Structure formats: C-alpha cells, structure tokens
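Subject: Structure handover and notes

Hello,

Please find the structure below. My notes on it follow.

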Protein chains: 2
Amino acid sequence: MNKESISSEFQLLQDRICGALEKIDGKSYFLEDAWDREEGGGGRTRIIQNGKIIEKGGVAFSKVFGDVSEIMRTQLGLKGNDFFATGVSIVLHPESPHIPIIHMNVRYFELNTGEYWFGGGIDLTPHYIKPEQAKQFHKALKKVCDTYHLDFYPKFKLWADDYFFIPHREETRGIGGIFFDHLNEACGLSKLQIFNFCIDLGDLFYKVYAYQVECGKDIDTTAQQIQWRNLRRGRYVEFNLVNDRGTKFGLLSGGRTESILMSLPANASWAYNYLPDLNSEESKTQQSLIKGVDWIY
Amino acid sequence: MNKESISSEFQLLQDRICGALEKIDGKSYFLEDAWDREEGGGGRTRIIQNGKIIEKGGVAFSKVFGDVSEIMRTQLGLKGNDFFATGVSIVLHPESPHIPIIHMNVRYFELNTGEYWFGGGIDLTPHYIKPEQAKQFHKALKKVCDTYHLDFYPKFKLWADDYFFIPHREETRGIGGIFFDHLNEACGLSKLQIFNFCIDLGDLFYKVYAYQVECGKDIDTTAQQIQWRNLRRGRYVEFNLVNDRGTKFGLLSGGRTESILMSLPANASWAYNYLPDLNSEESKTQQSLIKGVDWIY
C-alpha cells in the first residue's frame, strides 16, 4: 500500500460517496472544481447546493506534497523535509432541521523520514437529538471499529467527545462519533489493515447518513424549528472557525480557502444569550450536548 | 486620571452612546445584562435587537482586574502580577444593506508595574462602498486625530488597514478606519490627553454613524442586496472568529462568551466560490476591499 495507491483509492471513495449522496438527495448533483497547488499536488472539490435534502455540502479529495514549511514544523511538529498528504473530507448541511449535519474525513500523511500515519473521524450534529437515531449511528461506528480492533471504538469515541467540543460554549458539537489521528503499525494492525479501516469508514458514512435522512425527511417543519436549526448552525460555524485544528491550520498555512470553508452552512444565525423554553425539544437537545454520553445502551 | 476615573468616564461614554443610538434607531432600545467576573470586576453588556435601523448590536462596558494569568503572560506578553482593564466596545449590524456595519472600541490597560496604555479603533464595513460616505468617515476620523497629533491619522489608518484584514480572503473587512494600541506618554501626549482622545473618538462614533444611517435608510432593498449583505456578514464572522485578536484572546482566556460574541450578526451566509457579476455594484465593492486606499482625496 504505497502513497499513490492510497491516494487513488481515496479518489475512488470520493466517487462512490458522491454517487451515493446524489441518490440520497434525489434532485441536485455535485459540481467539481479541480485545482492545482503551486508547491505540489492539488485536489477535486465537489459541491452540492440547493438539493432536495442537502442545502449545502462538499466532498473534497486532495493530494498535496512538497517541502515541509515553517508553519508545519511549528504547528504540526513535523520533522522531515518532504511531506505527502491525501484525504477525503465531507460536511453536509441538510435543509431540514430534522436531518442531522454530518462530517466525515479520512486522511493519510507521510514524511520522507519513512514515518506515516492515518487519521480520520465521523461525527453527527443533529439539530434535534433523537436517542434511537443516535444509538443507530454509534452502533454502526462501533461495528466497523470492532472488526479491526476492540480498543478502537471506546478510544476513538472518547477522542471525538474531546475533539468535537466547543470550550467557550461548554457544549459538544453534537452527539460525537469517532476521531483518530497518528494511527500506524504501533496500534497492532498492518498498514493495509488501517487503510481498509479508513475505506470501510468512508463506505459506512453514506449508509448511516441514508438512515438519518430517511428518519427525518418527511417530518414537517415549523418556523421555530428553522430558527433553531440556524442557531445550531451558528455553533457549527463557531466550532469550525475557532476550534477546529484542521480548518485553522489550513487557513494559516495558505490552503485553498474555498475548499476549507466548504464546511460552512448556506446560512447561520446568532441571538444574544438565546435560551430555549424549559422542557422544549430544543432544551432537551441543548442539555444532551455533553461529553461522555453512552449513546448505545 | 487614575484607573477608577477612567473606568467611570467609560461608563458615562457607554450611556451617551446608547442614548444616541436609540435616537438613531427610533424604535428599539438597549437591554442590559450586568455581570460579575469571579476573579474580579465585571461589566454591563447592552444589546439592541430587531430595531428599525439596527437588526442586532451591542455596546459593552467592562472593568476587569486581578491576577495576570498564564495565558495573559504567554499570549499578551504581560510582565506584572496584577492587571486592570476597562473599555467600551461596540458592533452594530444594521438591517439595511445600504447602511454599513460599524465597530468602535476604546480601552485602557494598567499593570501593577506602573505600566499603562490605551488602545482602540473605529472601522466601517459598508455592504456597498460609496466613495462619498467613505470620504466623510475618514475625514471625521482624521479631524479628531489631527487635534491631538498630526502623526495619529496616517499611522493609525495604516494600522487599521493591516489589522482589519482577512488574510485567507486577501481582502480588508471594509474601508478600515483607525486602530491603535499601546499608546502612552511615549507618543508625546500626556495621559490625560490620550484619554481625551479616546473619549472624543467615542463621542465621534455615533455622530459619524448617524450620517451613514441617514445616507442609506430610505433606499429600497432587493432580495439580491439582502443576499449580498448576508455574504458580507459571513466575511465579518470569519474575521471575528478567525482573525480578531481580541475575540480569540477573550474566548481562550475564559471571557464572557455572550459579551464577546455579541459582535456576530443575527444571520450570515456562505456560498461556495461566490463571484459577483462583472461590473455590478457588488463587484465594485469587492474590488475596493484592499489595503492602502486613500479614501479622503
């Protein structure tokens, strides 16, 4: 499994994901922006907008390589001279407040020192948390994790709780999922096995999302629910712009802004000191945005 | 001019500003949240929402003091043990795309080492740049600056161009204004004179804004102009959450989130790779969002 074949497989994964999402949406389709990076490599950013299900979403593939820059050295602590990075990254903002926002990414990193690792994650941000749907989501993640290593789900679920957290709001971004980084042979699996784990996660992503869409797509929507959806999107924007290390590093290091910020919703709202009504559905969701919830049992 | 009297004067400035803005708005009024800071001090955050002119805005006063924390030492490079900080900070998001977003802040900082300084700034973010209005704004700022020091306007205007800049978009936040920091007797003025300069800026703020409101308030608005306003607000959110040092430091250091993020608009939009039509008003504004424009001549 060399870097070129990993990258090619990630491209094929992007194709499968876009195909599946177009079927799920049933109306809109992805438009592709292919771009080159001056210092080496490039990507294919695919965007879907104004769909029946997906209001705004992106599925990005990239493969970039070249000199390790000063900012990579200081911010990522990289030690080699040349790097190679490839990955697939997704954020979908649905139109309906009854369908969750979803994020997935898998990535591979290699240095000319011979060091390599995989990273990735999936997390779900329901505007309204439904325990049954949260359970299904986490069960599906656990199942794929367990196939590879029994430590993966408990470890990566905790990691997601910590990563997808908004400190200044003291709330999680949603119901979490899994997050992992710097995964290599030290975990006990071969490089090929870790790669297969990433691909399996990528192919799981659109299956679990199809279920979430099915649960919410026929539910009627009130103006109040739309307002709540927009406020939740505001928190999503805060997390991505203030807390997400990938976004911050991308913008700081001169990455392609439009590809990085494809994760932002078509619109988002803020209200000063907004407090949902006591015992409302909004309030129940707000109270569930905490770390350490066991969504499966 | 000791710290307590500076703080009291800043409170009175907040009162004058809120009174003037309520007159300008003509419909809505400010609601106050008074808050205490556990480690010392507190503030009065005043919010106006759903006005005739101002859709969402805040005028915040704060006076905080206590131990210099680890994060202040590393992020602000502070050397003393005790600090005292007081200031007034404003962001207004008008409803009409023909009225600019405006920001102003003046602040005073003191350490138990005896070191002190003033900082502040005003900048204007028109959704549609009108050269005549931009000129009036900068002329008014220059006039106040010139009263105190002939170096102030040229120096602080350049500083604003550099500060109110969004690197990942390669565009300024708007038409700039003035920005200054670490201003003390080293500039040749007495502490009282610098204080008076800050107060004069605060009292200039609502006068220049009244003019901007007058110019735009009766202009009809199209759906396209609202969409453009929301996209410009999206850039404002990006600047505040990614680039603004005050916001970042506030959130990192455990400041009051709702007071810090009162600067965010009621709603904002993002569209992938949005490009305004050639020769449109939107395109003209986009092309003027560059550093180094001499708006006065």
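Helix α3 (residues 131–148) of chain B packs on helix α4 (residues 152–163) of chain B at an angle of about 130 degrees, with the axes 8 Å apart. Angles run from 0 to 180 degrees between N-to-C directions, and axes are lines fitted to C-alpha atoms, for helices over the stretch in contact. Helices (H or I, at least four residues) and strands (E, at least two) are DSSP runs, numbered from the N terminus. The angle makes α3(B) oblique to α4(B). On this scale, angles under 35 degrees are roughly parallel, over 145 roughly antiparallel, 65 to 115 roughly perpendicular, and the rest oblique. From α3(B), the contact is made by B:Leu141, B:Lys142, B:Cys145, B:Asp146 and B:Tyr148; from α4(B), by B:Phe152, B:Tyr153 and B:Phe156. Contact means that the C-beta atoms of two residues, placed from the backbone, lie within 7 Å. The residues of this helix contact divide into six nonpolar, no polar and two charged. Here Ala, Val, Leu, Ile, Met, Phe, Trp, Tyr, Cys and Pro count as nonpolar, Asp, Glu, Lys and Arg as charged, and the others, Gly among them, as polar.

A word on provenance. This is a predicted model: local features need pLDDT of at least 70, side-chain atom pairs count only at pLDDT 80 or more, and totals for chains, interfaces and linings use all residues. Residues are numbered from 1 along each chain as its sequence is written, while chains are lettered from A and ligands numbered from 1 in the order in which they are written.

The contact takes 25 residues from chain A and 25 residues from chain B. On the side of chain A that touches chain B, the elements giving two or more residues are β2 (41–49), α6 (223–243), α8 (257–260) and β10 (267–269) of chain A. α6(A) gives the most, with five residues. That side of chain A divides into 14 nonpolar, seven polar and four charged residues. The copies meet through the same surface, because 100% of the interface residues of chain A are also interface residues in chain B.

β10(A) pairs with strand β10 (residues 267–269) of chain B in the antiparallel sense, over three bridges. Two strands pair if DSSP finds at least two bridges between them. A:Asn267 stands opposite B:Ser269 in β10(B).

Next, the sheet of chain B. It is open, with seven strands in the order β1-β2-β3-β4-β5-β6-β9, and the pairing is antiparallel. β1 (31–36) and β9 (177–183) of chain B stand at the edges with a single partner strand each, so one side of each has no neighbour in the sheet. Neighbouring strands are turned by 10 degrees against each other on average, direction ignored. Within this sheet, β3 (residues 54–67) and β4 (residues 82–94) of chain B pair in the antiparallel sense over 13 bridges. B:Gly87 in β4(B) is the bridge partner of B:Ser62.

Two helices lie across strands of chain B. Helix α1 (residues 3–25) of chain B lies across β2 (41–49), β3, β4 and β5 (101–111), running at about 5 degrees to β4(B). Helix α5 (residues 191–216) of chain B lies across β4, β5, β6 (116–125) and β9, at about 15 degrees to β6(B).

In chain A, look at strand β1 (residues 31–36). This strand is hardly covered: the count of buried residues among its six residues is zero. A residue is buried if 20 or more other C-beta atoms lie within 10 Å of its own, exposed if 12 or fewer, and partly exposed in between, with C-beta atoms placed from the backbone. Six bridges join β1(A) to β2(A), and the two run antiparallel. A:Leu31 stands opposite A:Ile47 in β2(A). The two strands form a hairpin with four residues between them, and A:Gly40 in the turn has a positive phi of about 140 degrees.

Last, B:Tyr297. This residue is found in the segment after α9 (281–287) of chain B. B:Tyr297 counts as exposed, because it has 6 C-beta neighbours inside 10 Å. B:Tyr297 and B:Ile199 are 98 residues apart in sequence and 27 Å apart in space, C-alpha to C-alpha.

Best wishes
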